[in-house]
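Please open the model in a viewer and keep the selection panel at hand. The stops below proceed from one selection to the next.

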There are 2 protein chains.
Amino acid sequence: MKRSKRLVSMTRFIMERPCTLISLPFFAEQFDSAKSSISEDLTIIDERFRQEGTGYLESIAGASGGVKYIPAYSKDYGTPFVEQLCEKLSDTERLLPGGYLFMSDILGDPHTVDTIGKMFASVFVDREIDAVMTVATKGIPLAYAVAAHLNVPVVIARRDPKVTEGSTVSINYVSGSTRKIQTMVLTKRSLEAGSRVCIIDDFMKAGGTINGMKSLLKEFEAEVAGIGVLAEAEDEEEERVVDDYVSLTQILHADDRTKKIEVEPGNLLNRLS
Amino acid sequence: MKRSKRLVSMTRFIMERPCTLISLPFFAEQFDSAKSSISEDLTIIDERFRQEGTGYLESIAGASGGVKYIPAYSKDYGTPFVEQLCEKLSDTERLLPGGYLFMSDILGDPHTVDTIGKMFASVFVDREIDAVMTVATKGIPLAYAVAAHLNVPVVIARRDPKVTEGSTVSINYVSGSTRKIQTMVLTKRSLEAGSRVCIIDDFMKAGGTINGMKSLLKEFEAEVAGIGVLAEAEDEEEERVVDDYVSLTQILHADDRTKKIEVEPGNLLNRLS
């Protein structure tokens, strides 16, 4: 098969399988081509991805070796996206009672959600993550987007157990903002002991919900390998109970009475190279 | 820029933007190449996608023309995937009380969910869909996967209104299986009147939940442009109240007492060419 045709098919195949080891012999057989030609193809793909700042191919040597597509946005590539997002979020029309923000339109756009997911994946890709966890409902699309780029499963905690999931483990936690005691449950078979888990959520104020997920992970003897939130906001009443997290944006001075809001990039951009 | 490099970048760019019109001049400028070369590149990409049975490029002529990547799995490409899924679902360990099935592991795997999404998109891509709708929680990842391949937003109905979404419209519906009256709400600003909406859910027995979504769409003066479910199951008590739908799999004779289950491909495969 000609190089031009191979490059199209290989690029498609690789992009659909981030963080997945693909062996050179597999490609060689698939395209009926010499391994040396495949190797050259992969160099071209790697160079293009690096130049664009959207990722790279990691080579794994040895008999069981091959390549892995690593999602990695560069700071240059990511900055305009985050700035645009901050501008969108700064619209005072988004202000809802209690300092909350309407974000359903942003969370409802698959392309935006996918880009956000790849940003978080770029930061967490080195942390040997086994699963991405979130709590229903708003964080679900973000969690899937991150998990897709890390090639790991998603586990979803719920605030109410559902009959169709089998037996569950539940914990109680204190919601940071309202100081109410709440319940969070996770299906028993959804997570193995020892798993390294990345927690993803859409919004964090004092961090009570994220703390709830941390407690739940403890029950499963799983480890917190990273925490990512789309938007962090100040809580006037409570101090934040979660400290080591990555945020894409931070909401400052949101007030629905005075119709004021300020949104700035979070600490994620500084972690991209 | 050399053709080989262009092909990698163009394939990536196109794949990240299904159902999105991309103009030839945009590519020509981006890669500092003649429009005739870009045109040849696109022909190569189109041919590869068609040969693999995973989609094609639609050419739109005229001054505002360009190409659109249309996701379209061929029947040949889709059949092994659906058969494998049926086999996975046939595991009697999945049986839960009440004829339900444990599917969280399948719905938790982003690559599987993405493939399912592309299958539904292949069927619905000609229906001029403006949005994909589901009801929280299980259907959310599937809805996003379908929406991503159709390049449209997702709207999520809930069984309980949430403070952070603003004002809502609610309806009551009868759950087909349990005959209970339930409530479903959708945020007012999430859907425009006249929208053509594709309903996606993970599971359908009598179809009460889907009927609830249909009622909700009526309140928004929106139109049902398609209905897709991952698994349809028989309901011994109730006749199905929804008739025009696409299913990926059908569950026959699920019984957790006798530990029996049979899963077959649904009607989706017959709609692929």
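**A tour by selection**

Begin with the sheet of chain A: six strands form an open sheet in the order β6-β5-β9-β10-β11-β12, with mixed pairing. Strands pair here if DSSP finds at least two bridges between them; helices (H or I, at least four residues) and strands (E, at least two) are DSSP runs numbered from the N terminus. At the edges stand β6 (154-157) and β12 (260-265) of chain A, each with a single partner strand, so one side of each has no neighbour in the sheet. From one strand to the next, the twist averages 25 degrees.

This is a predicted model, in which local features need pLDDT of at least 70 and side-chain atom pairs count only at pLDDT 80 or more, while totals for chains, interfaces and linings use all residues. Residues are numbered from 1 along each chain as its sequence is written, chains are lettered from A and ligands numbered from 1 in the order in which they are written, and side-chain values use heavy atoms, without hydrogens and water.

Next, select β9 (residues 196-204) and β10 (residues 223-233) of chain A, which pair in the parallel sense over eight bridges. Phe203(A) stands opposite Ala231(A) in β10(A). Axes are lines fitted to C-alpha atoms, for helices over the stretch in contact, and angles run from 0 to 180 degrees between N-to-C directions. Helix α7 (residues 140-150) of chain A lies across β5 (131-135), β6, β9 and β10 of chain A, at about 175 degrees to β5(A).

Buried residues of α4(A) include Phe81(A), Val82(A) and Leu85(A), where buried means under 20% relative accessible area (1.4 Å probe, protein chains only). Their cover includes α6 (110-124), β10 and β11 (246-255) of chain A.

Finally, select the cysteines. No disulfide (a pair of cysteine sulfur atoms within 2.5 Å) is found over all chains. The sulfur of Cys19(A) is 12 Å from the closest cysteine sulfur, in Cys198(A), too far for a bond. Cys19(A) is buried at 16% relative accessibility.

Note on methods: Contact means heavy atoms within 4.5 Å. Buried means under 20% relative accessible area, exposed over 50%, partly exposed in between (1.4 Å probe, protein chains only).
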